[in-house]
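Reader: I would like to learn how to read helix packing and side-chain pairs in a protein model. Please take me through an example, one feature at a time.

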Amino acid sequence: MAYARERQQFGQPIGRFQAIAFRLAELSIHLDAARLLTRDAARDADQGRDTRFAAARCLATAADLARTMTTEALQVQGASGLVNDHDAHLFHRRAAIESLWLGSPTQLRAEVLPLLREQLR
């Protein structure tokens, strides 16, 4: 977001263009949703409830969001974001690698399905 405020195009910051502003606003909403899911899981843990479902849901959401946000960051950064030394490039690589270590969102959702069925009974 800071870069969108700084970079000038056609005499104004690129963050003022509707396409970029809407993309950043949507990402902000998804980030808030991931934070709420995490707080919900923490509350369940504090109350001694089974947190397997909530934790897997948080992890799948965070993995999806990390890849989406870093991809969008690369788009907003433009060509400078593709340079190996740039933070956006570094975070994009980290999101891709950690997604493989922790399991893809699809794999996590497949693991959660039995837990969801158990909760619905």
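Reader: Is the crossing where α3 passes α5 left-handed or right-handed?

Author: Start with the rule: a crossing is left-handed if the near helix is turned anticlockwise from the far one by less than a right angle, and right-handed if it is turned clockwise. In this structure, α3 passes α5 in a left-handed crossing. Before we go on, please note that this is a predicted model, where local features need pLDDT of at least 70 and side-chain atom pairs count only at pLDDT 80 or more, while totals for chains, interfaces and linings use all residues. Residues are numbered from 1 along each chain as its sequence is written, and side-chain values use heavy atoms, with hydrogens and water left out.

Reader: At roughly what angle do the axes of α3 and helix α5 cross?

Author: Two packed helices are described by the angle between their axes and the distance between the axes. An axis is a line fitted to C-alpha atoms, for helices over the stretch in contact, and the angle runs from 0 to 180 degrees between N-to-C directions. Here the axes of α3 and α5 (residues 105–120) come within 9 Å and cross at roughly 155°. That makes the two helices roughly antiparallel. The cut-offs are under 35 degrees for roughly parallel, over 145 for roughly antiparallel, 65 to 115 for roughly perpendicular, and oblique for the rest.

Reader: Which residues of α3 and α5 make the contact?

Author: Contact means heavy atoms within 4.5 Å. On the α3 side, the residues include Phe 53, Leu 59 and Ala 60; on the α5 side, Leu 108, Val 112 and Leu 115 are among them. By type, the residues of this contact divide into 10 nonpolar, 1 polar and 5 charged. Ala, Val, Leu, Ile, Met, Phe, Trp, Tyr, Cys and Pro count as nonpolar, Asp, Glu, Lys and Arg as charged, and the others, Gly among them, as polar.

Reader: Leu 108 was on your list. Is Leu 108 buried or exposed?

Author: Leu 108 counts as buried, at 6% relative accessibility. Buried means under 20% relative accessible area, exposed over 50%, and partly exposed in between (1.4 Å probe, protein chains only). Leaving aside neighbours within four places in sequence, Leu 108 is in contact with Leu 59, Ala 60, Leu 102 and Gly 103. Leu 108 and Cys 58 are 50 residues apart in sequence and 9.8 Å apart in space, C-alpha to C-alpha.

Reader: What does Cys 58 touch?

Author: Cys 58 has its place in helix α3 and is buried, with a relative accessible area of 11%. Not counting residues up to four places away in sequence, Cys 58 touches Leu 37, Thr 38 and Ala 41.

Reader: At what angle do α2 and α3 pack?

Author: The angle is about 160°, with the axes of α2 and α3 10 Å apart. These helices are therefore roughly antiparallel to each other, and their crossing is left-handed. Among the residues making the contact are Arg 23, Leu 37 and Ala 41 of α2, and Cys 58, Leu 65 and Glu 72 of α3. This contact divides into 13 nonpolar, 5 polar and 5 charged residues.

Reader: How many salt bridges does the structure hold?

Author: Side chains of opposite charge can pair when their charged atoms come close. A salt bridge here is a side-chain nitrogen of Lys or Arg within 4 Å of a carboxyl oxygen of Asp or Glu. The structure holds 7 of them. In one, the side chains of Glu 72 and Arg 23 meet (2.6 Å, N to O). Glu 72 lies in helix α3 (residues 52–77) and Arg 23 in helix α2 (residues 18–46), so the pair ties together parts that are 49 residues apart in sequence. Arg 23 counts as partly exposed, at 32% relative accessibility.

Reader: Which residues do salt bridges with shared partners join into one network?

Author: Take Arg 43, which is partly exposed at a relative accessible area of 40%. The side chain of Arg 43 forms a salt bridge with Asp 40 (2.6 Å, N to O) and another with Asp 44 (3.7 Å, N to O). The network joins Asp 40, Arg 43, Asp 44, Arg 49 and Arg 57. Asp 40 and Arg 43 both lie in helix α2, 3 residues apart, about one turn of the helix.

Reader: How many helices and strands does the secondary structure come to?

Author: The protein chain has 5 helices and 2 strands. Helices (H or I, at least four residues) and strands (E, at least two) are DSSP runs, numbered from the N terminus.
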